[in-house]
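Reader: Could you walk me through this model and tell me what lies behind the words used for it?
Author: Gladly; here it is.

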Amino acid sequence: MLSGVAAYADSASDLSVRSLAASCAACHGTDGNAVRATAMPPLAGLSREYFLRQMQAYRDGTLQVPLMQQIARGFDAAQTEALAAYFERQHPAP
Ligand code: HEC
């Protein structure tokens, strides 16, 4: 259970990760729920491990998707971790 200062710090970091995640919405949909008709993979509900593995693969060029390579390289390790935790918590649309 979080209380006091910890709860406050948690909500503050939640706000900042939500603003980072908002930059993904244009392609991956609101809260990572991509529109089904598009080829965009949804991010909602991806496991943290999988998310981090894909982001690393974009960063090091193992996965050659120029858009995502640029995006992945724009975040430091802490931000990438925060995004992984955020999208893991989102519920995939039915
Ligand atoms: C301009 C469009 C665009 C934006 C903005 C964008 N992405 Fe992507 N992303 C893509 C495309 C296209 C792919 C799929 C590439 C493929 O088919 O392999 C992808 C794939 C991914 C994947 C791999 C998904 C999977 O199932 O393997 C992750 C993780 C990801 N993006 C994270 C992010 C995050 C986090 C953000 C925001 C910080 C973001 N993306 C913003 C276009 C975008």
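Author: Let me begin with axes: they are lines fitted to C-alpha atoms, for helices over the stretch in contact, and angles run from 0 to 180 degrees between N-to-C directions. Helices (H or I, at least four residues) and strands (E, at least two) are DSSP runs, numbered from the N terminus. This is a predicted model, in which local features need pLDDT of at least 70, side-chain atom pairs count only at pLDDT 80 or more, and totals for chains, interfaces and linings use all residues. Residues are numbered from 1 along each chain as its sequence is written.

Reader: Thanks! What makes α3 and α4 roughly perpendicular to each other?
Author: Their axes come within 8 Å and cross at roughly 100°. Angles under 35 degrees count as roughly parallel, over 145 as roughly antiparallel, 65 to 115 as roughly perpendicular and the rest as oblique. The pair is therefore called roughly perpendicular. On the α3 side the contact is made by Met55, Tyr58 and Arg59, and on the α4 side by Met68, Gln69, Ala72 and Arg73. Two residues are in contact if their C-beta atoms, placed from the backbone, lie within 7 Å.

Reader: Which classes do the residues of that contact fall into?
Author: The contact of α3 with α4 has 4 nonpolar, 1 polar and 2 charged residues. Here Ala, Val, Leu, Ile, Met, Phe, Trp, Tyr, Cys and Pro count as nonpolar, Asp, Glu, Lys and Arg as charged, and the others, Gly among them, as polar.

Reader: How do you know that the span of α3 is close to the one expected?
Author: The expected span is 1.5 Å times one less than the number of residues. With 13 residues, α3 reaches 18 Å from its first C-alpha to its last, close to the expected 18 Å. After α3 comes Gly61, with a positive phi near 85°.

Reader: Why is His28 called buried?
Author: A residue is buried if 20 or more other C-beta atoms lie within 10 Å of its own, exposed if 12 or fewer, and partly exposed in between, with C-beta atoms placed from the backbone. His28 has 20 such atoms, so the residue counts as buried. His28 sits in helix α2 and, leaving aside neighbours within four places in sequence, contacts Ala34, Met40, Pro42 and Leu43.

Reader: And Asp31, buried or exposed?
Author: Buried, because Asp31 has 21 C-beta neighbours inside 10 Å. Asp31 is in the loop between α2 and α3, and its phi is positive, about 55°, although Asp31 is not a glycine.

Reader: Why does Gly45 count as partly exposed?
Author: Gly45 has 15 C-beta neighbours inside 10 Å, so the in-between class applies. Gly45 also belongs to the loop between α2 and α3. Its C-alpha is 5.6 Å from that of Pro92, though the two are 47 residues apart in sequence.

Reader: What makes Gly74 exposed?
Author: Gly74 has 12 other C-beta atoms within 10 Å, and therefore is exposed. Gly74 lies in the loop between α4 and α5 (77-89).

Reader: Which residues come nearest to the ligand?
Author: Of the 17 residues around the ligand, Cys24, Cys27, Pro41, Gln54 and Val65 come nearest. A residue is near a molecule or strand if its C-beta atom, placed from the backbone, lies within 6 Å of it. The shell has 14 nonpolar, 3 polar and no charged residues.
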